[in-house]
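Here is a protein model to read with care.

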Amino acid sequence: QVQLVESGGGLVQPGGSLRLSCAASGNIFSINAMGWYRQAPGKQRELVATITSGGSTNYADSVKGRFTISRDNAKNTVYLQMNNLKPEDTAVYYCNGDISHIIGHPYYYRYWGQGTQVTVSS
């Protein structure tokens, strides 16, 4: 009933920039927090950044000052602007959203996108 679709990944040289987008669609009443995670080969999934419905943000120390998370509530979309990319940023990036389906219902369900590959290499 709900899909989150990431886009914008690709190959970029060190020091370059990419902007990832994640659009949620389907049976959505509201979206609370949204976020980006990443998983590099042989490593555990790690938090990159999160953003609340009110715009409060949280970043991993490794990306703070280089990445910016934002959202467009009217489009049910979250973005990740990635600047000054480093080889260690190479990973599959996943977005998520905490989504409610029923008006007045207090519960949210966490949905995940399929991931988009970001490769930083010269």
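Q: What do buried, partly exposed and exposed mean here?
A: A residue is buried when its relative accessible area is under 20%, exposed when that area is over 50%, and partly exposed in between. The areas discussed below belong to a predicted model.

Q: Why is Val92 called partly exposed?
A: The relative accessibility of Val92 is 21%, and because buried requires a value under 20% and exposed a value over 50%, Val92 counts as partly exposed. The residue is found in strand S9.

Q: Which residues does Val92 touch, leaving aside those up to four places away in sequence?
A: With heavy atoms within 4.5 Å taken as the criterion, Val92 touches Tyr37, Arg38, Gln39, Gly115, Thr116 and Gln117. Gly35 is 57 residues from Val92 in sequence, and the C-alpha atoms of the two are 14 Å apart in space.

Q: How do you know that Cys22 and Cys95 form a disulfide?
A: Their sulfur atoms are 1.8 Å apart, and since a pair of cysteine sulfur atoms within 2.5 Å is what the term requires, Cys22 and Cys95 form a disulfide. A search of the whole structure finds one disulfide, and the link of Cys22 and Cys95 is right-handed, with 50° about the S-S bond.

Q: What makes this pair a tie between parts that are apart in sequence?
A: Cys22 lies in strand S3, which covers residues 18-26, and Cys95 lies in strand S9, which covers residues 91-100, so the pair ties together parts that are 73 residues apart in sequence.

Q: Are Cys22 and Cys95 buried or exposed?
A: The relative accessibility of Cys22 is 0%, and the relative accessible area of Cys95 is 0% as well; because buried means under 20%, Cys22 counts as buried and Cys95 is buried too. Across the chain, 40% of the 122 residues count as buried.

Q: How many helices and strands does the chain have?
A: The secondary structure comes to zero helices and eleven strands.

Q: Why is the chain called as compact as a globular protein of its length?
A: The radius of gyration of the chain is 14 Å, close to the 14 Å that the globule rule gives for 122 residues, so the chain is as compact as a globular protein of that length. Along its principal axes, the C-alpha trace spans about 50 × 25 × 25 Å.

Definitions and conventions:
Residues numbered from 1 in each chain as written. Predicted model: local features only at pLDDT ≥ 70, side-chain atom pairs only at ≥ 80, totals over all residues. Heavy atoms only, no water. Helix = DSSP H or I, 4+ residues; strand = E, 2+ residues; numbered from the N terminus. Rg over C-alpha atoms; globule rule 2.2 N^0.38 Å. Buried < 20%, exposed > 50% of the residue type's maximum accessible area, 1.4 Å probe, protein only.
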